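Reader: I am new to this structure. Please take me through it in questions and answers.

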Amino acid sequence: MKIAVSGTAGTGKTTLCKLISTNTVLIFVPDINDIVLKEMGFESGKQLFDERGQEGHIEWHLKAIEAKIKHDEQNDDYVTDKSVFDFGARSLARIYSNGREVGISDEQHEIIMDALQRGTKLYDRIIYMPLKDRPVEDNAMRTTDNKQRFRFNVTLLGLYSAFGVPIES
């Protein structure tokens, strides 16, 4: 059984995953973004952005989505606090942020689209956690900007719809 809990930062994904893992045989798989970021030599997304700018963030997103799809395809019996679609939405929301496109190559775009296509058959269940209009704890890894959180949420729901992936709320 492969379960992904999906949604915007601060909606309770990790809390729900830990609860599911504690009460089932499923292993909790935490956010791989943090692992990839540390492998790149950074402690936070802010540090990466300060040192490498938007290009560094795009590299991080692409490495993370590739690591996510590899992990989730090769393992079974887990609950994870993001689906491949969360990674795709995060990448696309950043790429098209503030009403303008931040340039990515055709190859980079294909990496995202390929991961999303592969993600359509990956999970037995996807539980979507709705966006909540409340303050989010700033842990230097997640966005606390409500406009960005909303943009991510709309992108995420649009991807599930566009790829015909059923989600539960």
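Author: A definition comes first: two strands pair if DSSP finds at least two bridges between them. Helices (H or I, at least four residues) and strands (E, at least two) are DSSP runs, numbered from the N terminus. The model is predicted: local features need pLDDT of at least 70, side-chain atom pairs count only at pLDDT 80 or more, and totals for chains, interfaces and linings use all residues. Residues are numbered from 1 along each chain as its sequence is written, and side-chain values use heavy atoms, with hydrogens and water left out.

Reader: Which residue of β4 does V5 stand opposite?

Author: β1 and β4 pair in the parallel sense. Five bridges join the two strands. The residue of β4 opposite V5 is I127.

Reader: In what pattern do helices and strands follow each other along the protein chain?

Author: The protein chain has six helices and four strands. Read along the sequence, their pattern is β-α-β-α-α-β-α-α-β-α.

Reader: How many of the five residues of β4 are buried?

Author: Buried means under 20% relative accessible area, exposed over 50%, and partly exposed in between (1.4 Å probe, protein chains only). Of the 169 residues of the protein chain, 46% count as buried. β4 is largely enclosed by the rest of the structure, because the number of its five residues that are buried is four.

Reader: Which strands do the buried residues of α1 pack against?

Author: In α1, residues 13-22, the buried residues are K13, C17, I20 and S21. They cover an arc of only 95° around the axis, which puts them on the same side of α1; the arc is that of the directions from the helix axis to the C-beta atoms. The face turned away from this side carries the exposed residues T15, L19 and T22. The strands packed against the buried residues of α1 are β1 (2-7), β2 (27-29), β3 (78-80) and β4 (125-129).

Reader: Which residues does I3 touch, not counting those up to four places away in sequence?

Author: I3 is in strand β1 and is buried, with a relative accessible area of 6%. I3 and V79 are 76 residues apart in sequence, yet 4.7 Å apart in space, C-alpha to C-alpha. Contact means heavy atoms within 4.5 Å. With residues up to four places away left out, I3 touches L26, Y78, V79, T80, R125 and I127.

Reader: Which residues line the largest cavity?

Author: On a 1 Å grid over the protein atoms alone, a cavity is a set of points where a 1.4 Å probe fits but cannot get out, and lining residues have an atom within 4 Å of a point. A search of the whole structure finds one cavity of 30 Å³ or more. Both α3 (45-74) and α4 (84-95) supply at least two residues of the lining. The lining residues are I58, H61, L62, S91, R94, I95 and I112.

Reader: What is the phi of D77?

Author: Most residues other than glycine have a negative phi. D77 lies in the loop between α3 and β3 and counts as partly exposed at 38% relative accessibility. D77 is a residue other than glycine with a positive phi, near 55°.

Reader: How far apart are the C-alpha atoms of H71 and I32?

Author: H71 is found in helix α3 and counts as partly exposed at 23% relative accessibility. H71 and I32 are 39 residues apart along the chain. Their C-alpha atoms are separated by 9.1 Å.

Conventions:
1 Å grid on protein atoms, 1.4 Å probe; cavity = no way out; pocket = protein on both sides within 12 Å on 5 of 7 lines; lining within 4 Å. Points joined across faces, edges and corners; volume = space filled by probe spheres on them.
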